[in-house]
Amino acid sequence: MKLTYYGHSCFAVEIGGKKILFDPFITYNPLAKEVDPGSIEADYIFLSHGHVDHIADCVSIAQRTACKVVANWEIHEWLNKEGVSNTHPMNTGGKWNFDFGMVKCVVAQHSSGLPDGSYGGNPMGFIFTSTEGKFYYSGDTALTLDMQLIPSWAEQDFAVLPIGDNFTMDVADAVRAADFIECSTIVGVHYNTFGFIQVNEEEAKQTFAKAGKKLLLPSIGETIEI
Ligand code: NI
Ligand code: MN
């Protein structure tokens with residue numbers, strides 16, 4: 001699979017010719033000035049939760065590309081009010097077969113209020129299962145014992161986990177999360193965007209390496225084969 005990193009927790013994965021975008025936050029990301037949100041194509045957008053650093057560019061990209069936006073029930077209703085009608089509501093514990101494969105929504109331990117103060121439901125992570133591979137995106141979350149269930153649903157080829165601390169897991173907890181989900185290839189996200197979440201990239205990679213795992217930190221705008 002191809003994974004493109006757009007900064008913060010925004011990335012895209014291509015499966016079966018479909019481009020699946022996650023948590024679009026580009027316009028207001030000071031580190032992503034080189035990325036033009038107006039040039040990003042998408043067949044789907046998956047939203048882990050309602051916080052502005054995960055949905056700021058969702059409405060504009062969804063309206064331009066006419067992609068389908070998948071999110072929890074409350075965010076789906078909010079998007080409909082914002083003029084995005086091609087949505088698919090889900091909620092924690094549920095799964096659905098899309099044209100690229102199956103997605104199961106799993107627990108994330110975080111919060112989810114929307115930018116205008118609307119109730120944003122519960123945050124979620126996603127397990128993707130397709131003929132091209134399997135992966136888990138945790139969304140913003142603390143380390144949680146619920147992650148131990150994840151390998152029982154699918155063995156992951158890779159996982160995308162936050163590492164920035166303060167709002168989410170730090171590097172050490174992300175290593176433990178990788179143990180819980182029984183996955184040794186991790187893409188780190190949700191770091192360095194703001195002062196609260198500064199991470200030393202080399203130290204983070206070494207911490208994973210000492211645990212026998214690989215931490216990938218693609219540059220903003222970079223596409224990797226994974
Ligand atoms: Ni958040
Ligand atoms: Mn966040």
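The model examined here is a predicted one.

Helix α3 spans residues 73–81. At its start, a side-chain oxygen of asparagine 72 reaches to within 3.1 Å of the backbone nitrogen of glutamate 74. The helix has four named buried residues: Ile75, His76, Trp78 and Leu79. Seen down the axis of α3, these buried residues fall within an arc of 165°, so they line one face of the helix. Several elements cover them, including α1, α2 (58–65), β5 (68–72) and β6 (87–90).

Helix α6 was examined at both of its ends. At its start, a side-chain oxygen of asparagine 200 comes to within 3.1 Å of the backbone nitrogen of glutamate 202. Just after α6, glycine 212 takes a positive phi of about 75°. Lysine 213 then sits in the loop between α6 and β13 (214–216). Lysine 213 counts as buried because its relative accessibility is 12%, and buried means under 20%. Its side chain makes a polar contact with the side chain of aspartate 179, at 3.0 Å. Beyond residues up to four places away in sequence, lysine 213 touches Val175, Ala178, Asp179, Cys183, Ser184 and Phe208.

The metal site comes next. The manganese ion (ligand 2) has four protein donors: Asp53 (OD), His54 (NE2), Asp140 (OD) and His190 (NE2). These donors lie 2.1 to 2.2 Å from the ion. Along the chain, the donors follow the spacing D-H-x85-D-x49-H. Distant parts of the chain are linked by the pair of histidine 54 and histidine 190, which are 136 residues apart. Histidine 54 belongs to helix α1 (residues 52–55). Histidine 190 belongs to the loop between β12 (185–189) and α6 (201–210). Histidine 54 counts as buried, with 0% relative accessibility. Histidine 190 is likewise buried, at 0%.

Aromatic rings were then considered. The structure holds 20 aromatic pairs. One of them joins phenylalanine 11 and tyrosine 137. This pair is edge-to-face, with 5.0 Å from centre to centre and 85° between the planes. Phenylalanine 11 lies in strand β2 (residues 11–15) and tyrosine 137 in strand β10 (residues 133–137), so the pair ties together parts that are 126 residues apart in sequence. Phenylalanine 11 is buried, at 1% relative accessibility. Tyrosine 137 is buried too, at 0%. The rings of phenylalanine 128 and phenylalanine 135 have their centres 4.7 Å apart and their planes at 10°, so this pair is stacked. Phenylalanine 128 counts as buried at 1% relative accessibility, and phenylalanine 135 counts as buried at 0%.

Isoleucine 181 occupies the loop between α5 (171–180) and β12. It counts as buried, with 0% relative accessibility. Leaving aside neighbours within four places in sequence, isoleucine 181 is in contact with Tyr136, Met147, Ile150, Pro151 and Ala159. Its C-alpha atom is separated by 9.8 Å from that of phenylalanine 158, which is 23 residues apart from it along the chain.

Lysine 2 lies in strand β1 (residues 2–5). At 40% relative accessibility, lysine 2 counts as partly exposed. Not counting residues up to four places away in sequence, lysine 2 touches Ala12, Val13, Glu14, Thr223, Ile224 and Glu225. Lysine 2 and valine 52 are 50 residues apart in sequence. Their C-alpha atoms are 26 Å apart in space.

Notes
Residues are numbered from 1 along each chain as its sequence is written. Chains are lettered from A and ligands numbered from 1 in the order in which they are written. This is a predicted model: local features need pLDDT of at least 70, side-chain atom pairs count only at pLDDT 80 or more; totals for chains, interfaces and linings use all residues. Side-chain values use heavy atoms; hydrogens and water are left out. Donors are N, O and S atoms within 2.8 Å of the metal (3.2 Å for Na, K and Ca); water is not among the atoms, so sites may look incomplete. Helices (H or I, at least four residues) and strands (E, at least two) are DSSP runs, numbered from the N terminus. Buried means under 20% relative accessible area, exposed over 50%, partly exposed in between (1.4 Å probe, protein chains only). A polar contact is a pair of N or O atoms within 3.5 Å; within protein, one must be able to donate a hydrogen and the other to accept it, and residues adjacent in sequence count only if both atoms are side-chain atoms. Contact means heavy atoms within 4.5 Å. The arc is that of the directions from the helix axis to the C-beta atoms. Rings of Phe, Tyr and Trp (its six-membered ring) pair if their centres lie within 6.5 Å; planes under 30 degrees apart count as stacked, over 60 as edge-to-face and the rest as tilted.
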